[in-house]
Amino acid sequence: VEIGGNMEVVVGNEVEFEEKVKALREGGKDQLQIVADFDYTMTVFRLSNGNRSDSSHAAIAKYPKLGKTFNEKTEALFQKYYPIEISDIPNEEKEKHMIAWWTQSHELMVTHKLNTLFMEELTKDAKILLREGIVDLLRMAHEHDIPFHIFSAGVYDVIHIYLRQNNLEQYAHVVSNMMDFDENGHLVGFKGELIHTLNKNSKALRNSPRWSEVQSRKHVILLGDNASDVHMADGLPAEIVLNIGFLNDRVEERIEEYKKRYDVVLVGDKDTSFVNELVQSFIENSKTNSN
């Protein structure tokens, strides 16, 4: 497949892809659930002006009311650790760096007195933009009782507020790093186990009221943008996982790895029309079978 400036759909193994799609279509909507990453999967990687959009962590990192020192220190952490995150060093080694990055980043938020009063404004001001088609996908899943789970190594509070500000919070269940505020509204830490790029999977859902719902669905559509996002379905009792990856940048150096990891690679940071059409076809088949 030639990779150009437009959206390209790259399938690594045509036979395996067709087999999975056939099984998911036959299973229909009642067997289906969707597991999606948030930052740069549900949201665009670059804005129309060419600048990188904000992740849920970046929304906080760039917030001016936390002070210049905070902004500079969080940016320094990004410059140090982001190249490691997207490198191909062994995961055992990479994980140590990811834990260090997340831990230091969260500690800075505490020491610079992030307050719950800031959360609405910093989320609203952030340059977070949903991909075209994702709202339709959320609504379609909701309308047809297809569970939609967001697994994110970002910040739960930013994602949840962003969804609420856009009237979308009822459409998805979010599992992410949840802030812990004291009685004065100051951030004192994060609740539960740290979720970073390399360890986010269904383990975080086990204590959730949605776990029984998750267990009853044997087919998963997984949406991610990091090479490691394919592990989000680990621990789910799924028989078939259709892995769909958004390859947003550094395409030529990463396309081969993504083809190995994902059933389908969507190249070019564009819309979710490919995913929407697939889900629609599974729903249509359910209607046909029920007639």
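A polar atom in the side chain of Asp269 lies 2.8 Å from the backbone nitrogen of Arg46. The Asp269 side chain also makes a polar contact of 3.0 Å with the side chain of Arg131; a polar contact is a pair of N or O atoms within 3.5 Å, where within protein one must be able to donate a hydrogen and the other to accept it, and residues adjacent in sequence count only if both atoms are side-chain atoms. This is a predicted model, in which local features need pLDDT of at least 70, side-chain atom pairs count only at pLDDT 80 or more, and totals for chains, interfaces and linings use all residues. Residues are numbered from 1 along each chain as its sequence is written, and side-chain values use heavy atoms, with hydrogens and water left out.

Asp269 sits in the loop between β8 (264-267) and α10 (273-290); helices (H or I, at least four residues) and strands (E, at least two) are DSSP runs numbered from the N terminus. Leaving aside residues up to four places away in sequence, Asp269 touches Val44, Phe45, Arg46, Arg131, Leu247 and Asn248, contact meaning heavy atoms within 4.5 Å. Asp269 counts as buried because its relative accessibility is 13% (buried is under 20% relative accessible area, exposed over 50%, partly exposed in between, with a 1.4 Å probe and protein chains only). The C-alpha atom of Asp269 is 21 Å from that of Phe17, a residue 252 positions away along the chain.

Gln33 belongs to strand β2 (residues 32-36). With a relative accessibility of 0%, Gln33 is therefore classed as buried. Its side chain is joined to that of His149 by a polar contact of 3.3 Å, and a polar atom of the Gln33 side chain lies 3.1 Å from the backbone oxygen of Arg217.
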